[in-house]
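Colleague: I am new to this structure. Could you take me through it, one topic at a time?
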Amino acid sequence: MMFLLKQLFGFIKLLNSETGTNQLAAGIAVGFILGMTPVMSLQSLIVFMCLFFFRIQIGAAFISAFFFKFIAFLFDGVFDSVGQMVLETKSLEPLFTTLYNMPIIPFTRFNNSIVMGSGIISFILSPIVFYGAKILVFKYRVIVLERWKGTKVYKAIKATSFYQWYYKYDQYFG
Amino acid sequence: MNEEIKKIKKKGPIRVEAVIPVTIIFILSYVYFTYYFDRHMKKLFEYVGTQANGAEVNVASVKTSFLKGSFDLNGLQVTDATKPTQNLISLQNIHFSYLWDALLRMKFVVEEASITSIQIYSPRKTPGFVLPPKPASPSKIEAIEAEVMGQLKDEFKKNVLGDLIDIIEGGDPKEQLEIIREELKSEKRVKEMISDVEAKKKVWDEKVKTLSDTSKIKEAEEQVQKITQQKNILEQAKGLKDLGDVLKDVQKQYKDIQKSSKELEGEIKSVTQYPKEIEGLIKEDVASLKDRFKVPEIDFKDMAMTLFAKEFLGYIAQARKYQALAKEYIPEKKQEEPLIPPPRKVGKNYEFPVLKGYPLFWLKKAAISSKGTKDTYSGEITGTLTNVTTHPKMIKIPLKLAFDGDFPGLNIRGVHGLITVDHTQSVAKQSADFSIKAFLIPEKLFVNSDKMKFGISNATGSTQIKASLTNNEVDMSWESQILKPSYIVETNSKLAKEMLTNILNGIPTITINGSASGAFKNLNLNINSNLGDELGAGLKREVGAKVTEAKVKIEKMIDEKINAPKNQLMSQLGGNQNLIAQLKNVEGLYKNNEDKIKSEIEKFKKNGQGKALDGLKDKGKKLFKGLKL
């Protein structure tokens with residue numbers, strides 16, 4: 001729980017900073033993939049592992065995955081259709097047969113229409129989500145954050161000793 | 001200072017700081033799986049085993065190797081809950097070696113497995129603890145067993161030998177004759193007849209004596225003589241009138257005698273039917289006595305069923321139990337799953353041809369060996385279990401369990417078993433072939449009741465059981481031989497004991513052939529045994545001989561009892577014939593007398609004495625008219 005909270009605070013802090021735009025966008029894109037995948041599968045696990053080995057904002061990934069998980073079911077019909085279309089493609093059948101008979105690969109559950117459909121769509125759309133997220137973060141910082149920094153409330157908070165103490169603390173231990 | 005901090009915070013795309021915690025996690029995992037995992041597995045097996053067994057289960061060690069894909073369980077001891085000082089079963093080693101290629105496909109293929117040194121009822125170093133008993137509830141297995149045993153028909157539960165004892169006891173002529181001695185109808189009737197004839201004879205003796213009195217005849221003769229010698233006409237007329245009166249008396253007496261004679265003849269005629277009646281009653285008595293010794297029709301084929309049905313059904317119940325267990329753990333008919341569109345969010349699973357695949361679980365070969373120990377029931381058994389799988393249709397090889405060996409502690413030699421479970425085709429087939437070349441039978445009671453104990457002891461047996469199951473239709477056969485049995489016959493009836501011993505001495509070898517076919521719920525049972533046949537034939541012979549003996553004795557006894565009174569009756573009936581003769585004599589005398597009187601009267605009439613008398617009568621009448629009185 002502490003880990004999750006720390007990641008969430010990290011996300012808010014990074015969002016409100018001037019750096020880490022790529023990390024945030026990558027986190028949202030990875031969260032998109034995790035959220036769209038219906039069940040735990042090998043590829044989900046690999047994507048999840050990437051969160052720890054690459055500098056991707058984990059908080060952003062969690063929030064993104066949480067959000068997309070809620071709306072993913074709306075696209076299940078599309079995923080199913082796409083998955084069926086791919087899996088029933090005659091020319092790909094030898095490939096799928098080979099994959100089906102390979103070790104480890106069957107753990108991806110690629111032979112399921114929704115897994116296949118959601119996987120293809122989420123992987124294809126993930127770069128778009130990445131760049132879209134990047135634009136959104138940039139826009140947020142320019143439009144929302146700058147305006148917020150200009151408000152009296154923000155200035156008042158910044159002037160408090162508590163904020164000063166937190167700023168110093170964050171510089172050394174953050 | 002702030003610039004330095006900012007410089008430190010500049011990081012690349014790879015999260016280097018995560019390497020250390022991940023490394024630590026890997027090291028900790030390695031340490032755990034190397035040093036602690038096996039111990040925890042051991043504890044887990046012991047706990048789960050103890051809870052399942054209800055008594056302490058010990059495991060010496062568990063060794064697992066991730067890289068080799070192997071599993072070893074050493075020193076398994078399962079405490080006997082009923083006797084905690086001994087183990088129910090103990091194993092030296094269980095070894096499993098999984099195929100990595102299959103594990104990477106999330107399938108469990110055991111290339112080689114072995115279970116070595118199986119010991120049954122081996123002593124424990126320290127007694128194992130026993131868990132408090134749980135409240136009993138009928139298990140599913142017990143219900144399955146009850147279903148088969150429920151077919152032990154009431155007729156086969158009967159104590160047929162006990163019933164035969166009743167028959168044999170009922171057939172003892174000596175005792176029976178004592179019981180029926182006072183019950184003979186013929187004897188009773190003869191006595192009645194004798195008393196009847198005696199009573200009648202007394203009456204008739206008196207009557208005949210009275211009727212035989214000839215004084216009246218003499219009197220009539222004297223009177224006739226007197227009248228015929230009379231000279232005086234008046235006296236003659238008077239004498240003629242008297243003669244008429246005498247004639248009337250004689251005629252009346254004659255009629256009485258004639259009537260009595262007829263009555264006596266009638267009674268004698270009815271009494272002469274007595275011998276016939278007695279003959280009939282004697283026949284009835286003999287028949288009723290013979291009925292007492294009648295041997296009821298017993299189907300001696302059923303006797304074999306009665307003796308062995310329970311045991312045979314016990315084998316079938318065992319087979320049914322194992323078949324039910326096999327059905328639960330080895331799927332029988334797993335049809336190809338149809339491609340039914342699943343509900344939303346589940347998607348559709350596509351099946352592709354399996355080129356190099358494994359079933360979810362496949363035990364290719366397991367070697368089994370057990371060592372026999374003295375004073376235990378352990379055997380020297382070696383065997384193999386092959387092709388145990390969750391998908392038999394995929395591997396297309398049937399499961400086989402084969403074992404051979406001996407149980408020296410139990411004097412059982414030449415145990416052979418082959419169990420085949422073929423679920424590779426659409427119709428499942430299961431078969432079992434089990435045989436024992438020689439086993440010792442210290443004591444086996446076929447009948448154990450208050451009336452009698454019947455069984456064998458100190459015999460050597462051999463048995464073979466073959467069973468096959470297709471589409472829930474069982475076909476089972478059972479062949480057994482029991483050599484040189486010592487028969488146990490314990491009963492209070494000396495006669496039954498003697499009979500059974502005589503019969504059984506002629507049966508040096510018992511053969512039992514049984515078969516069962518059909519559904520488990522409705523089995524068609526058939527058991528044949530020479531014990532049943534020979535026992536049946538012998539009992540028929542022995543009981544038949546006793547009955548013949550009884551018949552002869554009955555007839556003799558009836559003759560003895562009836563002959564004396566019958567002869568007495570016949571002599572009395574002969575006496576009655578004398579009475580008739582006597583009466584006939586008297587009747588003849590009276591008849592003669594009557595004729596004599598009649599002729600005298602006729603003489604009178606012819607000689608004119610009659611006319612004179614008539615003239616005198618007329619004159620007398622005229623005088624009376626003249627007087628006009």
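This is a predicted model: local features need pLDDT of at least 70, side-chain atom pairs count only at pLDDT 80 or more; totals for chains, interfaces and linings use all residues.

Colleague: Let us begin with chain A. How many helices and strands does chain A have?

Modeller: Chain A has 9 helices and 0 strands. Along the sequence, its pattern reads α-α-α-α-α-α-α-α-α.

Colleague: And what share of its residues is buried?

Modeller: Of the 174 residues in chain A, 40% are buried. Among the chain A contacts with a separation of 6 or more, 75% are between residues 24 or more positions apart.

Colleague: I would like to look at one pair of helices. At what angle do H2(A) and H7(A) pack?

Modeller: Helix H2 of chain A, residues 21-36, packs against H7(A) at an angle of about 145 degrees. Their axes are 8 Å apart.

Colleague: Is that crossing left-handed or right-handed?

Modeller: The crossing of H2(A) and H7(A) is right-handed.

Colleague: Which residues meet there?

Modeller: From H2(A) the contact includes A:Leu24, A:Ile28, A:Phe32 and A:Met36. From H7(A) it includes A:Phe123, A:Val129, A:Phe130 and A:Arg141. By class, the contact of H2(A) with H7(A) has 14 nonpolar, 5 polar and 2 charged residues.

Colleague: Now the two chains together. How many residues does each chain bring to the contact?

Modeller: Chain A contributes 33 residues and chain B contributes 32 residues. The area buried between chain A and chain B is about 2800 Å². Carbon and sulfur atoms give 52% of that area.

Colleague: How many salt bridges are counted between chain A and chain B?

Modeller: The count between chain A and chain B is 1 salt bridge. A:Glu88 forms a salt bridge with B:Lys348, and the closest N and O atoms are 3.6 Å apart.

Colleague: Why does that pair join two chains?

Modeller: A:Glu88 lies in the loop between helix H5 (76-87) and H6 of chain A, while B:Lys348 lies in the loop between helix H12 (300-329) and strand E5 (361-370) of chain B, so the pair joins two chains. A:Glu88 counts as partly exposed, at 43% relative accessibility.

Colleague: How many salt bridges are there over all chains?

Modeller: A search of the whole structure finds 5 salt bridges over all chains. One of the salt bridges is formed by A:Lys90 with A:Glu93, whose closest N and O atoms are 3.6 Å apart. A:Lys90 counts as exposed, at 66% relative accessibility, whereas A:Glu93 counts as partly exposed, at 29%.

Colleague: What about B:Glu46 and B:Lys42, and where do they lie?

Modeller: Their side chains, those of B:Glu46 and B:Lys42, meet in a salt bridge at 3.2 Å, N to O. Both B:Glu46 and B:Lys42 lie in helix H2 of chain B, residues 19-53, and they are 4 residues apart, about one turn of the helix.

Colleague: Why does B:Glu46 count as buried?

Modeller: B:Glu46 counts as buried because its relative accessibility is 14%, and buried means under 20%.

Colleague: Let me turn to the backbone. Which residue of chain A has a positive phi although it is not a glycine?

Modeller: That residue is A:Ile104, with a phi of about 65 degrees. A:Ile104 is found in the loop between helix H6 (93-100) and helix H7 (113-149) of chain A. A:Ile104 is partly exposed, with a relative accessible area of 35%.

Colleague: And what is phi for B:Asn458?

Modeller: Phi of B:Asn458 is near 50 degrees, a positive value in a residue other than glycine. B:Asn458 lies in strand E10 of chain B, residues 452-470. B:Asn458 is exposed, with a relative accessible area of 58%.

Colleague: Which residues is B:Ile507 in contact with, leaving aside neighbours within four places in sequence?

Modeller: With those neighbours left aside, B:Ile507 is in contact with B:Pro485, B:Tyr487, B:Asn530, B:Leu531, B:Glu534 and B:Leu535. B:Ile507 and B:Asn530 are 23 residues apart in sequence, and their C-alpha atoms are 8.1 Å apart in space.

How values were computed
Residues are numbered from 1 along each chain as its sequence is written. Chains are lettered from A and ligands numbered from 1 in the order in which they are written. Side-chain values use heavy atoms; hydrogens and water are left out. Buried means under 20% relative accessible area, exposed over 50%, partly exposed in between (1.4 Å probe, protein chains only). Axes are lines fitted to C-alpha atoms, for helices over the stretch in contact, and angles run from 0 to 180 degrees between N-to-C directions. A crossing is left-handed if the near helix is turned anticlockwise from the far one by less than a right angle, and right-handed if clockwise. Contact means heavy atoms within 4.5 Å. Ala, Val, Leu, Ile, Met, Phe, Trp, Tyr, Cys and Pro count as nonpolar, Asp, Glu, Lys and Arg as charged, and the others, Gly among them, as polar. A salt bridge is a side-chain nitrogen of Lys or Arg within 4 Å of a carboxyl oxygen of Asp or Glu. Buried area is the accessible area (1.4 Å probe) that two parts lose on being put together, summed over both.
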